[in-house]
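Please read it with the structure open.

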Amino acid sequence: MPELPEVERARAVIEAVALGRRIVTVDDADTYVCRPHAPGEIAAALTGRALTRAYRRGKTMWVDTDGGPVLGLHLGMAGRIVVDEPPAPNRWDRFVLEFDDGGRLALRDKRRLGRALLEPDLSRLGPDAARMGRETFRARIGAGRAPIKARLLDQHAIAGVGNLLADEVLWRAGIDPRRPTGDLSTAELDRLRRDLRASVRDATRQGGVHTGRFIRDRRVQTHCPRCGGELAKGVVGGRTTWWCPAEQA
DNA sequence: ACCTATGTTGATAC
DNA sequence: GGTATCAACATAGG
């Protein structure tokens, strides 16, 4: 589930209900989710601290603590942040903070591809997709020969776009996902940026990328929501890709 | 049973 | 350097 809109909602939840609460216990026993830390390392650094601010860039979140280290959080492919919910079965709560008021914050993730670590490295993360200016977008997205969809998925170039959101915005903008980036006109790049920002805004408000018109519709049928034509399916940038061959050129 | 698919990222190879 | 491929993880479904 988690692309930029889902992560922003998770960040907002942390901001709204988890800041200022004193941490008394940390479960960092999952050495894969908490890599490269050894069990107990994150616990030692965070016990007695409180979270003070929650940030996000692309799909990466990080949280400041009062006098302690920064805690990085990533939802991976199936992770969620849950606050003050009873523990999940099957050890799906991969990383847990317990507060002195009896509440808890958990990274709940069936797949274990989520991440919790101290002092995350953000240096290789591109600018946030929702806050990218026109000039920056043109420069970072418009150069090179990769298929445009592959570029949108490249977190070093632009942070926050995942497989579903990429299909949604390319459909909205009427651009073939296989087009080489360098072949896009300035007008097409500007349109793409506009549609991307709109898609992110809508999805964040409505609860996630699956609420997008193209993505939502595709769950029940494989026709274009606009023209009704049969959608095409293929692999672009290594990911399953759907598009409308009649409208996306 | 076995095979495929799945919203992620990172390492590796060309 | 840019791009493509595969592996990491665990679950769901045909």
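Strand 2 and strand 3 form a hairpin with two residues between them, and glycine 58 in the turn has a positive phi of about 60 degrees. The model is a predicted one.

- Strand 2 and strand 3 run antiparallel and are joined by six bridges. Arginine 53 has aspartate 64 in strand 3 as its bridge partner.
- Strand 3 and strand 4 form a hairpin as well, here with five residues between them. In this turn glycine 67 has a positive phi of about 85 degrees.
- The pairing of strand 3 with strand 4 is antiparallel and extends over four bridges. Tryptophan 62 has glycine 72 in strand 4 as its bridge partner.
- Strand 4 (residues 71-74) also pairs with strand 8, in the antiparallel sense and over four bridges. The bridge partner of leucine 73 in strand 8 is alanine 116.
- Together these pairings give an open sheet of four strands in the order 2-3-4-8, with antiparallel pairing. Strand 2 (51-57) and strand 8 (115-118) are at the edges with a single partner strand each, so one side of each has no neighbour in the sheet. From one strand to the next the twist averages 20 degrees.
- Helix 1 (residues 4-17) packs on this sheet and touches strand 2, strand 3 (60-65) and strand 4. The direction of helix 1 makes about 170 degrees with that of strand 2.
- Five of the six residues of strand 3 are buried, so strand 3 is largely enclosed by the rest of the structure.

- Strand 6 (residues 93-99) and strand 7 run antiparallel and are joined by five bridges. Leucine 97 stands opposite leucine 105 in strand 7.
- Strand 6 and strand 7 form a hairpin with four residues between them. Glycine 102 in the turn has a positive phi of about 95 degrees.
- Strand 5 (residues 80-83) pairs with strand 7 in the antiparallel sense over four bridges. Isoleucine 81 stands opposite leucine 107 in strand 7.
- Five of the five residues of strand 7 (residues 104-108) are buried, so strand 7 is largely enclosed by the rest of the structure.
- In a regular strand the side chains alternate between the two faces of the sheet. Strand 7 has both faces covered, with Arg104, Ala106 and Arg108 buried on one side and Leu105 and Leu107 buried on the other.

**Helix 3**

- Which residues of helix 3 (residues 134-142) are buried? They are Phe137, Ile141 and Gly142. Seen down the axis of helix 3, these buried residues fall within an arc of 85 degrees, so they line one face of the helix.
- The face turned away from the buried side of helix 3 carries Glu135 and Ala139, which are exposed.
- The cover over the buried residues of helix 3 includes helix 4 (148-153) and helix 6 (186-206).
- The axes of helix 3 and helix 6 come within 10 Å and cross at roughly 110 degrees. That angle makes helix 3 roughly perpendicular to helix 6. The crossing is right-handed.
- Residues making this contact include Phe137 and Ile141 of helix 3, and Leu189, Leu192 and Leu196 of helix 6.
- Glycine 144 follows helix 3 and has a positive phi, near 95 degrees.

**Helix 5**

- Helix 5 (residues 163-173) is mostly covered, with nine of its 11 residues buried. Among the buried residues are Leu165, Val169, Leu170 and Trp171, and also Asp167 and Glu168.
- The buried residues of helix 5 pack against helix 1, helix 4, helix 6, helix 7 (213-218) and strand 10 (239-243).
- The axes of helix 5 and helix 6 come within 9 Å and cross at roughly 130 degrees. Helix 5 is therefore oblique to helix 6. The crossing of helix 5 with helix 6 is right-handed.
- Helix 5 contributes residues including Leu165, Glu168 and Val169 to this contact, and helix 6 contributes residues including Leu192, Leu196 and Val200.
- Glycine 174 follows helix 5, and its phi is positive, near 70 degrees.

Technical notes
Residues numbered from 1 in each chain as written. Chains lettered and ligands numbered in written order. Predicted model: local features only at pLDDT ≥ 70, side-chain atom pairs only at ≥ 80, totals over all residues. Heavy atoms only, no water. Pairing = 2+ DSSP bridges. Axes fitted to C-alpha atoms, helices over the stretch in contact; angles between N-to-C directions. Contact = heavy atoms within 4.5 Å. Buried < 20%, exposed > 50% of the residue type's maximum accessible area, 1.4 Å probe, protein only. Arc of directions from axis to C-beta. Parallel < 35°, antiparallel > 145°, perpendicular 65-115°, else oblique. Left-handed = near helix turned anticlockwise from the far one by under 90°.
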